[in-house]
Amino acid sequence: MKIVAVAGYALLAATLMAAAPAFKPVTAELPPDATNFPEGPNVKTVNQNCLACHSADMVLDQPLLPKATWTAEVTKMRNVYKAPVTDADAALIVDYLTATHAPP
Amino acid sequence: MSAPSRRSVLAQGGGALALAATPAFAAPPTAPDFSFPGGNGARSLTKDFPQKGTMVLQRSRPPLLETPFTDFDNQVFTPNDKFFVRWHWSVIPTQIDPASYRLKLHGAVEREVSLSLSDLTSLKSVAVAAVNQCSGNSRGFFEPRVPGAQWGNGGMGNARWTGVRLSDVLDKAGVKSSAVAARFTGLDEPTVSEGPAFKKSLSIEHARQSDVIIAYAMNGKPLPLLNGYPVRLIVPGWYSTYWIKTLSDIELLEAPDDNYWMKTAYLIPDTPRADMKPGQAGVTMVPINRMVPRSFITSVGPDAKLKANAAATLRGMAFGGDCGVAKVEVSGDGGQAWHDAKLGKDEGPYSFRPWTARITMGAAGQTTLAVRCTNTKGEVQPDMPNWNPSGFMRNVIERTPVTLT
């Protein structure tokens with residue numbers, strides 16, 4: 001009941017707000033994204049697989065992560081998000097990430 | 001309300017103070033380096049996204065855009081074109097036809113309904129000011145670092161949301177007494193069709209609360225498409241993961257939701273402040289839920305210069321999490337002495353609350369400013385950061401190193 005009381009305070013009558021907006025058709029164009037992964041072992045495999053679902057900066061902005069963490073990330077992409085990556089390619093991708101983006 | 005007037009600055013004796021109170025944050029945003037532990041915190045700015053102004057680019061696809069921190073200074077409501085953006089799947093709506101847009105209600109209901117936008121806006125209109133914050137806001141500061149969106153502190157924003165009560169919308173379909181949860185889906189789709197569609201649930205009791213709304217306006221204007229146009233769910237006091245964008249489907253469930261995004265993702269340790277040790281075993285995990293208090297200094301950025309042995313006026317904002325702000329305290333000596341800040345206008349318990357503080361700085365040299373919020377439930381921001389493997393719910397006391405000259 002306490003939450004309801006708080007809510008009564010938070011919810012202002014909207015009479016001072018503009019009435020319901022006139023909805024207009026909206027078309028949005030997202031910026032092109034053609035950036036490849038930087039050079040490294042197996043980079044061709046990385047570009048072929050990873051860029052299908054997300055831009056390279058998703059990976060490049062991550063902290064340096066150990067091989068076990070990269071393996072878990074690639075496994076999650078395959079098992080949870082159903083990325084169609086073969087066993088062989090997954091191993092090559094983990095090798096790339098470990099070579100280019102892991103602590104020394 | 002918080003910027004010192006020119007006259008008061010002059011009355012307090014000096015141009016130096018005026019300069020000190022006008023730090024780099026008054027300038028247009030520059031590409032940030034968040035100085036994350038271990039590095040890799042440099043980001044670029046982008047103006048390339050539709051209906052958005054200059055944003056910090058965290059990820060191009062799916063879009064992940066952070067609000068430049070300068071945009072939190074001196075304005076309690078975050079402008080729509082500067083509000084942060086986060087999508088899970090790369091297949092996101094880029095075309096909305098309001099005439100054919102429908103919100104479908106189905107599952108444990110008396111009658112399935114498919115509501116047009118006119119159907120929605122014919123319901124009673126309500127408004128609420130509320131902070132929308134990503135569960136992983138500030139994740140880049142976690143130590144040890146964890147994978148995920150490497151946000152600075154700008155994965156949040158505050159807006160006045162106008163819309164209709166979710167409970168009124170649920171009544172259109174008539175919720176059966178067997179329903180235990182309401183599950184929400186938007187127009188985004190898995191990139192790979194077998195992947196789990198992004199869906200989130202609230203208990204039926206929560207969904208019925210009068211402060212949970214479906215918003216069609218944000219700060220008095222239509223939502224930007226990347227923020228959920230034409231309608232999104234607003235769950236005041238709870239993390240953004242529940243605030244489903246381009247809301248198109250509500251399913252009433254007769255059993256707790258076991259979909260991936262509720263059962264496996266977005267879990268926190270069921271411990272105070274969602275805190276645990278790296279590798280700690282046997283921790284019970286639960287879905288993330290309510291927010292916790294935070295506060296920030298916005299008028300002074302890191303490495304600013306302030307006048308030694310003189311009073312400085314600082315300003316910023318705070319929020320209580322899922323309740324109001326009771327108190328904000330500021331320290332000019334790294335947290336040894338705390339001084340009460342003056343709270344600004346109260347826009348409601350879920351909003352940012354502006355504050356100002358006038359504190360006397362010490363002798364020349366390096367020092368650290370700090371700010372902490374106590375919410376109306378008595379929770380205070382902690383000295384030590386929390387840690388969990390997903391990088392959720394950071395709310396440690398923020399510290400800003402400055403030089404006194």
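At what angle do the axes of helix H4 and helix H5 of chain A cross? Select residues 67-79 (H4) and 87-100 (H5) of chain A: the axes come within 9 Å and cross at roughly 140°. Axes are lines fitted to C-alpha atoms over the stretch in contact, with angles from 0 to 180 degrees between N-to-C directions; helices (H or I, at least four residues) and strands (E, at least two) are DSSP runs numbered from the N terminus.

This is a predicted model, in which local features need pLDDT of at least 70 and side-chain atom pairs count only at pLDDT 80 or more, while totals for chains, interfaces and linings use all residues. Residues are numbered from 1 along each chain as its sequence is written, and chains are lettered from A and ligands numbered from 1 in the order in which they are written.

H4(A) contributes A:Lys67, A:Trp70, A:Thr71, A:Val74 and A:Arg78, and H5(A) contributes A:Ala90, A:Ile93, A:Val94, A:Leu97 and A:Thr98.

Move to chain B and select B:Val212, in the loop between helix H5 (204-208) and strand S12 (213-218). B:Val212 counts as buried because it has 23 C-beta neighbours inside 10 Å (buried: 20 or more other C-beta atoms within 10 Å, placed from the backbone; exposed: 12 or fewer; partly exposed: in between). Beyond four places in sequence, B:Val212 touches B:Leu166, B:His206, B:Ala207, B:Ile234 and B:Val235.

Finally, select B:Ile234. Its contacts, again beyond four places in sequence, include B:Val128, B:Trp161, B:Ile213 and B:Trp243.

Key: Two residues are in contact if their C-beta atoms, placed from the backbone, lie within 7 Å.
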